[in-house]
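Reader: Please take a close look at a single part of this model and describe its surroundings in detail.

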Amino acid sequence: MKRVREVIVVEGKYDAIRLKSAVDATVVQTDGFAIFRDREQLALLRRMAQTRGLLILTDSDGAGFVIRNFLGGSIPAEQVKHAYVPELCGKERRKKVGSKEGLLGVEGMENAVILEALRRAGATFEDEPDAAPVTGCGLTKADLYAAGLSGTPDSAARRQLLQTTLHLPQKMSANRLLDALNTAVTPAEYAAALQAVNARFPQDG
């Protein structure tokens with residue numbers, strides 16, 4: 001599976017599931033029009049754009065273009081790439097009724113179509129020879145557990161303090177925090193923030 005450097009932005013959870021079956025990448029969902037009101041999420045996307053770049057992949061219907069245009073106008077153009085799925089008539093299997101415009105969304109696309117859309121947009125595939133090393137903390141779920149940020153009685157409080165220190169959104173699961181640490185935070189920033197967390201919540205041993 002090809003690994004994509006840019007953070008891929010999609011509309012919903014089923015789009016994210018489809019993307020993760022096609023490529024190895026950090027995928028962030030806007031939850032539709034909710035992104036218009038979620039300042040924390042938009043701030044996080046801006047940080048991710050600075051470090052990795054964003055690749056916007058919304059549906060080809062009117063709503064998808066509204067979201068695409070909003071993000072494109074909120075983030076510097078040089079940090080954004082736009083990928084487009086073709087306008088194919090149809091309905092996703094899980095839906096009883098298709099979209100208002102009768103078009104398949106991102107979740108209804110075959111993996112090969114998604115890969116081609118990403119390639120046409122100029123996605124950086126890290127397994128290709130000219131791909132530069134990626135930046136970020138390079139953390140795993142095991143690292144979060146070892147740091148007391150997941151799987152412990154006070155892990156939620158420790159995560160909240162870490163997120164506050166790093167100016168990250170408060171409503172983040174451990175998995176979403178991991179994505180943010182690996183795309184929008186430097187190792188030095190993480191180490192300093194974790195030190196502050198450990199000072200407030202000392203770990204046993």
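Author: Asp-179 touches Thr-26 and Met-48, leaving aside residues up to four places away in sequence; contact means heavy atoms within 4.5 Å. The model is predicted, with local features requiring pLDDT of at least 70 and side-chain atom pairs pLDDT 80 or more, while totals for chains, interfaces and linings use all residues. Residues are numbered from 1 along each chain as its sequence is written, and side-chain values use heavy atoms, without hydrogens and water.

Asp-179 lies in helix 7; helices are DSSP runs (H or I, at least four residues) and strands likewise (E, at least two), numbered from the N terminus. Asp-179 counts as partly exposed because its relative accessibility is 26%, the class between buried, under 20%, and exposed, over 50% (1.4 Å probe, protein chains only).

Asp-179 also belongs to the contact between two helices: Gln-41, Leu-44, Arg-47, Met-48 and Thr-51 in helix 2 meet Arg-176, Asp-179, Ala-180, Thr-183 and Ala-184 in helix 7. Helix 2 and helix 7 pack at an angle of about 40°, their axes 8 Å apart. The axes are lines fitted to C-alpha atoms over the stretch in contact, and angles run from 0 to 180 degrees between N-to-C directions. Helix 2 is therefore oblique to helix 7, since angles under 35 degrees count as roughly parallel, over 145 as roughly antiparallel, 65 to 115 as roughly perpendicular and the rest as oblique.

By C-alpha atoms, Asp-179 and Gly-122 are 22 Å apart in space and 57 residues apart in sequence.
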